[in-house]
There are 2 protein chains.
Amino acid sequence: MPRHPHVSPTIAAMGGSVYSSLAHRLAAHRGPTYPLHIGDTWREPPAECQMEALRTADHPGLHRYAPVHGLPALLDAIVARERATTMLPVAPDEVLVTAGATGGLGAVAGALLAPGDEVLLLAPYWPLIAGIVRTMGGTPVPVPVFDGPVDAPTVRAAVEGALTHRTVAIYANTPNNPTGRLLPTASLEALVDVARAHDLWLWTDEVYAHYAYAAPHTFGRPLAPERTFAAHSFSKAYGMAGNRCGYVVGPADVMEHLRKVSTHTFYSTPTAAQVAAERALDGPGDAWAAEAAAGYAEVGAEAARRLGLPAPEGSTFLFFDVADALDAAGLTGLLEACVERGLLLAPGPSFGPFPTHVRLCFTAAPPEVVLEGVDILGAVLRARR
Amino acid sequence: MPRHPHVSPTIAAMGGSVYSSLAHRLAAHRGPTYPLHIGDTWREPPAECQMEALRTADHPGLHRYAPVHGLPALLDAIVARERATTMLPVAPDEVLVTAGATGGLGAVAGALLAPGDEVLLLAPYWPLIAGIVRTMGGTPVPVPVFDGPVDAPTVRAAVEGALTHRTVAIYANTPNNPTGRLLPTASLEALVDVARAHDLWLWTDEVYAHYAYAAPHTFGRPLAPERTFAAHSFSKAYGMAGNRCGYVVGPADVMEHLRKVSTHTFYSTPTAAQVAAERALDGPGDAWAAEAAAGYAEVGAEAARRLGLPAPEGSTFLFFDVADALDAAGLTGLLEACVERGLLLAPGPSFGPFPTHVRLCFTAAPPEVVLEGVDILGAVLRARR
């Protein structure tokens, strides 16, 4: 019972932003900067999806509340897209439009978790998922998978080894942020087997579905539609992260509970963002994403080559161990050495138990800027090895 | 431990939308409709704050993530505004920009509440606050206040009578949604006395601060800055509800915890919405709100007159008891009779223990439409009395 001046013990125990102190230092940096710590894109969204193209005269109510479920036109476009990609008979009541995939997975966690419930997070994982689970009263349990072989027997053994009587769900993010790897279809099927055997929910975070380079993306819902919530994002697909619009697809009988949570955390998804998303889905989005994917794959492969790493299979990130370049100042010392040269990276511990890794986003700036940043990193690492 | 196919018992116990079935019926209605159930405005925001006025060329990063704290220019504008209205030495780290006041109060509830903590809600209250408290694991406790005398001794006695050992906070919404009433300064001071005596937090929902007609709005934070979180909204102030942008101001040492919750429920507030809000604050917002307030006060007073009610003191709502017009079909029967005539109202139970009340928003449509709706309601009530 945290009365004034105390706060929720759960929230108090959570860390704050891991970036803020370094980001402040970057802001004070003189000379070129390389903000490769955040997962975003330098590309502008398609012209007809930009704010200046959205006219109130064409979209009555553009600045008014949208239905909490989502704008009907956007829901229709999402249903059509989901039917095409999953071959499932998707209906609008299986979809919830949300404030990005963050709002979507927050709604999933809020609807499903009771205090203390454990969610297995295939690690390294998208950093926000651990905080989302904690915010909704659950306990995130990292299960290292993407840092080693991702074949089905290995993945199954890792997940089965982490099960407890409190486990209620498995979270898998593929194409993976931060490792740039894909979870093979057989490994996703192994997750489904474990989930079915233990009555678990399956949360598939598929926000980088458009950005699978080494193989086509495997959609999660066709494997287990009765228990899978798939999160998608217009942020990543079409360069609209600031709009805050994504969606979740899941079993119809549970979606009403997700809607309660989203209604009480952000109410409705921004109306203009929904109009922009509908325009992307029904218009230039696919062409934009195909061009972006080609460019992302190229710069990702080149960045990896320069760092002596395998090319990313998907997503917009490289994640690698820099243990051999650390001195007594540890990872913080390395990150500070990078900031002194204008380069910002994300620290490994944000993604699970990876104390000596870093993440680099190769789409946060134009390719030439990214590759300059990569060269700076390479020089820093060489000087310290 | 709600494994598949079960959901969180807390969320399962919450009601879904109270509007949806009636709203669907309204959508099928032939002829003019009067959707006066939702709290929104028919007015368009100032021209330079509309989406089509926001150009990527003028606002680099317009479609990219904003800092989770808020855009620096908007934070500066909010700080200047808060200093002017509260005379407090407000600093940026006392402010959090949020996905509407909903996101802001969600962050407050998430940061402060442990499971089972009770929040006293001065009732009738803004409907979402009860669900926000529940979503974050707390227990909402309605304290009827705005349905009777709101003098300081009465308010104090009502709140003291509801205290238990689980009480951690008091929520007060003034200008009040749904009653259109103002909480007098002396009554707010009485709440502060109770809060200080029992180590409670004070949550003041001031989203209608621009819309106080009978007396100037009393800002909550100057009375108890050490324990007060004040929620504000650009939605209501400047007709931008669909943008999803508002803010919370509170004690600096707790705001970092609010930021954790907002980061994990909607991440950042929509970037374009923040640019629009900054433009409103630093530009035409005050003039727009003053003109809107004059228009709202006029139509509110006329709507009240036609229904035989006192003129609203603030906000954009009338809330009144229709018990004498109910038959065996109860409130639902009355609401259905209204829907048959194209008129949608919000049911009293959404606002607390008010089984025979209805709420009417007199700004959800242009004045002539609202007054037509009021006349339809008057006719329905007369026919049933």
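## Close-up views of a predicted two-chain model

View 1. Buried here are Thr271(B), Ala272(B), Ala273(B), Gln274(B), Val275(B), Ala276(B), Ala277(B), Glu278(B), Arg279(B), Ala280(B) and Leu281(B). With 11 of its 12 residues buried, H10(B) is largely enclosed by the rest of the structure. The length of the helix fits too: 12 residues at 1.5 Å a residue should span 16 Å, and the end C-alpha atoms of H10(B) are 17 Å apart, which agrees.

**View 2. The axis that relates the two chains.**

**View 3. The side of chain B that touches chain A.** Chain B brings 71 residues to the contact, and chain A brings 71 residues. On the chain B side, the elements giving two or more residues are helix H1 (9–12), helix H4 (100–112), helix H5 (127–135), helix H9 (252–263) and helix H10 (271–282). H4(B) gives the most, with 7 residues. Sorted by class, this side of chain B has 34 nonpolar, 24 polar and 13 charged residues.

**View 4. Helix H11 of chain A.** H11(A) runs through residues 285–307, and its 23 residues reach 32 Å from first C-alpha to last, close to the 33 Å expected at 1.5 Å a residue. Its buried residues are Gly285(A), Trp288(A), Ala289(A), Ala292(A), Tyr296(A), Ala297(A), Val299(A), Gly300(A) and Ala303(A). Among the elements of chain A that cover them are helix H8 (234–238), helix H10 (271–282), strand S9 (317–321) and helix H13 (367–384).

**View 5. Where the two domains of chain A meet.** Chain A is divided into domain 1 (9–44 + 286–384) and domain 2 (63–282). The C-alpha centres of these two domains lie 24 Å apart. Their contact takes 27 residues from domain 1 of chain A and 27 residues from domain 2 of chain A. On the domain 1 side, H11 and S9 of chain A each supply at least two residues. The largest share of that side, 6 residues, comes from H11(A). By class, the domain 1 side has 13 nonpolar, 9 polar and 5 charged residues.

**View 6. Nonpolar cores.** The largest nonpolar core has 248 residues, and Ile170(A), Tyr171(A) and Tyr171(B) have the most contacts inside it. Leaving aside residues up to four places away in sequence, Tyr171(A) touches Val119(A), Leu120(A), Leu121(A), Leu122(A), Tyr125(A), Ile129(A), Trp203(A) and Asp205(A). A second, separate core has 8 residues, including Phe266(A), Tyr267(A), Ala99(B) and Tyr267(B).

How values were computed:
Residues numbered from 1 in each chain as written. Chains lettered and ligands numbered in written order. Predicted model: local features only at pLDDT ≥ 70, side-chain atom pairs only at ≥ 80, totals over all residues. Helix = DSSP H or I, 4+ residues; strand = E, 2+ residues; numbered from the N terminus. Expected span 1.5 Å × (residues − 1). Buried ≥ 20, exposed ≤ 12 C-beta atoms within 10 Å, placed from the backbone. Contact = placed C-beta atoms within 7 Å. Nonpolar A, V, L, I, M, F, W, Y, C, P; charged D, E, K, R; others polar. Domains from an automatic or database assignment. Core = buried A, V, L, I, M, F, W, Y, C linked by C-beta atoms within 7 Å.
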